[in-house]
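Thanks for coming, everyone. Please look at the sequence and the structure on the screen while I talk.

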Amino acid sequence: GRLAREDSEEALQAMLKLRREARPTKSERRDRQHSRMHVRLRTLDLLEQVVRTQPTAPPLLNMIPPLVTVARKLWNVEEGGPAKDLRQRVEGFLKSKLCKCQKIKLSSPEHRASACEAVTVLVAELRRGAPKGARTQNKGKKQQQQGKKGRGRYADIVIMALNFILKTMNRCESEQAAAAAAVTSSEDTTAQVLEAYHLAGCDYLSRKSQSMVGASVLEDVVRLLPSVGIPALLPTLVDKAKDAPTAFLKSEAFRLLALCYKHGGAAMDELVKQKLLACFPAVLLSVSAALSTTQSDQSNEQQLRTRRLQHVVDCALQAVKAVKTEKGLVESARSSLKAVVLAIHSASKAGGVVALCKQILVIFGIDTAPRINEKRMHKKKRAREANADGKDGEPDPKVAKKLAKKKWKAEKRKRLEEEKAETAETSDKKSASASSMKLNRNGGARRIKKTQKGRKEEERRKKSGEETEGGE
């Protein structure tokens with residue numbers, strides 16, 4: 001038993017020795033890391049050469065998802081060293097070279113399918129959240145200003161690449177529509193994109209904490225590619241306009257609905273217009289309910305009037321503009337919104353809300369007379385200003401403070417103007433005196449020398465005369 005134990009220990013020691021010998025040293029590990037980094041940098045050089053020589057090739061869009069994945073992995077690496085240099089190089093390649101190719105043509109269904117797959121991957125990357133190295137630990141202003149709206153540079157790069165693909169797809173669609181050709185697209189790939197943006201809209205309107213999807217992502221897809229963004233977001237927006245968890249999210253749903261109707265009305269896709277018309281009654285009910293609550297509930301009225309009422313009225317305006325040619329829908333909107341819009345037009349103090357209400361009433365064919373409350377407001381304002389000194393009872397402290405501030409500003413402005421005029425006069429006098437002194441110096445230098453010589457000669461003569469008198 002003892003011999004067997006000794007043999008096993010010797011075998012174990014020999015195995016450990018072999019492993020230690022086979023393990024790479026620190027210098028060997030460093031060399032391997034440098035060689036891998038060199039291969040990656042060389043690959044980036046080749047990709048830059050491809051972009052430079054063939055900027056219109058459709059397979060360039062296939063490069064974007066792998067490069068974004070590499071950037072995510074490099075963000076997870078500790079700061080400093082060659083990993084940071086490689087990450088900056090990848091980000092610079094995406095920003096300044098790959099996303100600057102403005103003439104890529106998606107001429108075949110395979111090319112459009114690859115573009116749709118890239119869009120799906122990037123939207124999923126945004127929903128996944130920021131990598132560990134790119135997450136903001138400090139919630140201060142400086143940290144939030146590192147990226148747009150505090151999301152960080154990684155999210156900005158993904159959004160920029162996503163918008164580049166959407167612009168390319170939109171341009172190719174418009175070119176095919178101008179050439180009277182059918183837009184080639186696969187139903188499966190389009191369904192993937194629609195599902196991805198539908199989930200992104202749900203993440204934003206439910207305030208998912210880890211998601212990097214912001215309002216700009218949804219705005220960009222509606223603005224850049226209405227044929228995809230509007231059908232994907234419209235059902236979610238209609239639902240959230242009815243029963244969003246917070247007033248802010250409800251107003252955001254109305255704002256995005258207004259954007260959908262604004263860009264969908266100008267779109268050339270008939271399917272998009274049909275979906276907008278089909279959702280119009282539900283949108284009309286949500287708008288009328290939101291505007292009616294402002295008239296019934298005083299607290300809700302104050303909240304919406306000061307912050308979010310303009311989004312609701314803008315949604316109503318854009319929806320009515322989009323269905324202006326449909327007389328039946330316009331009449332239904334007139335019957336449900338006329339009284340509420342007139343009440344808001346006469347009672348609101350916000351100029352933007354009043355202007356939007358006026359446009360809606362013009363579309364309905366209602367003449368907007370001068371508002372009575374404006375005259376009352378001006379009358380009250382004049383009365384308060386007259387009572388600022390306390391002539392008719394107790395003075396109004398707010399008006400008195402405002403008038404005192406206005407008077408102080410006027411006095412300060414007058415004092416600054418006087419000081420400016422005085423400094424201008426003194427500068428003119430100094431410049432005039434300086435020029436005269438210069439002339440006197442230039443012209444009087446010889447005279448000064450001559451007088452000095454004359455004085456010396458007179459002194460010399462006096463001395464010589466005194467000496468002669470003493471000698472005599």
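How many residues does H15 have, and how far does H15 reach from its first C-alpha to its last? H15 has 14 residues and reaches 20 Å. That is close to the 20 Å expected at 1.5 Å a residue. One caution: this is a predicted model.

Let me step back to the whole chain. The protein chain comes to 17 helices and 0 strands. The chain has 472 residues, and 33% of them count as buried. Now take the contacts between residues at least 6 apart in sequence. Of these, 72% join residues at least 24 apart.

Back to H15. Which residues of H15 are buried? They are Val353, Val354, Leu356, Cys357, Ile360, Leu361 and Phe364. Look down the axis of H15, and its buried residues fall within an arc of 165°, so they line one face of the helix. Here is the background. An α-helix has 3.6 residues a turn, so residues three or four places apart point the same way. The face away from its buried side carries the exposed residues Gly351 and Val362. After H15 comes Gly365, with a positive phi near 80°.

Next, the partner of H15. Two packed helices are described by the angle between their axes and the distance between the axes. Helix H14 covers residues 327–347, and H15 covers residues 351–364. The axes of H14 and H15 come within 10 Å and cross at roughly 145°. The crossing of H14 and H15 is left-handed. Which residues make this contact? From H14 we have Val330, Ala333, Arg334, Leu337, Val341, Leu342, Ile344 and His345. From H15 we have Val353, Val354, Cys357, Lys358, Ile360, Leu361 and Phe364. Sort the residues of this contact by type, and there are 12 nonpolar, 1 polar and 2 charged.

H5 runs over residues 109–128. What span should its 20 residues have? At 1.5 Å a residue, 28 Å; the end C-alpha atoms of H5 are 28 Å apart, which agrees. H5 has a list of buried residues, including Arg112, Ser114, Cys116, Thr120 and Glu125. Ala113, Ala115 and Ala118 are also among the buried residues of H5. Just after H5, Gly129 takes a positive phi of about 105°.

H2 covers residues 26–53. Its 28 residues should span 40 Å at 1.5 Å a residue, and its end C-alpha atoms are 41 Å apart, which agrees. The buried residues in H2 are Met37, Leu44, Glu48 and Val51.

Last, two single residues. Gln318 sits in helix H13, residues 298–322. Buried or exposed? The relative accessibility of Gln318 is 13%, so Gln318 counts as buried; the cut-off for buried is under 20%. Leaving out residues up to four places away in sequence, Gln318 touches Ala258, Tyr261 and Lys262.

Ser227 belongs to helix H10, residues 226–243. With a relative accessible area of 21%, Ser227 is partly exposed. What does Ser227 touch? Again not counting residues up to four places away in sequence, Ser227 touches Glu173, Asp269 and Val272. Ser227 and Leu271 are 44 residues apart along the chain, and their C-alpha atoms are separated by 8.2 Å.

That is my tour. Over to you for comments.

Technical notes
Residues numbered from 1 in each chain as written. Predicted model: local features only at pLDDT ≥ 70, side-chain atom pairs only at ≥ 80, totals over all residues. Heavy atoms only, no water. Axes fitted to C-alpha atoms, helices over the stretch in contact; angles between N-to-C directions. Helix = DSSP H or I, 4+ residues; strand = E, 2+ residues; numbered from the N terminus. Left-handed = near helix turned anticlockwise from the far one by under 90°. Contact = heavy atoms within 4.5 Å. Nonpolar A, V, L, I, M, F, W, Y, C, P; charged D, E, K, R; others polar. Buried < 20%, exposed > 50% of the residue type's maximum accessible area, 1.4 Å probe, protein only. Expected span 1.5 Å × (residues − 1). Arc of directions from axis to C-beta.
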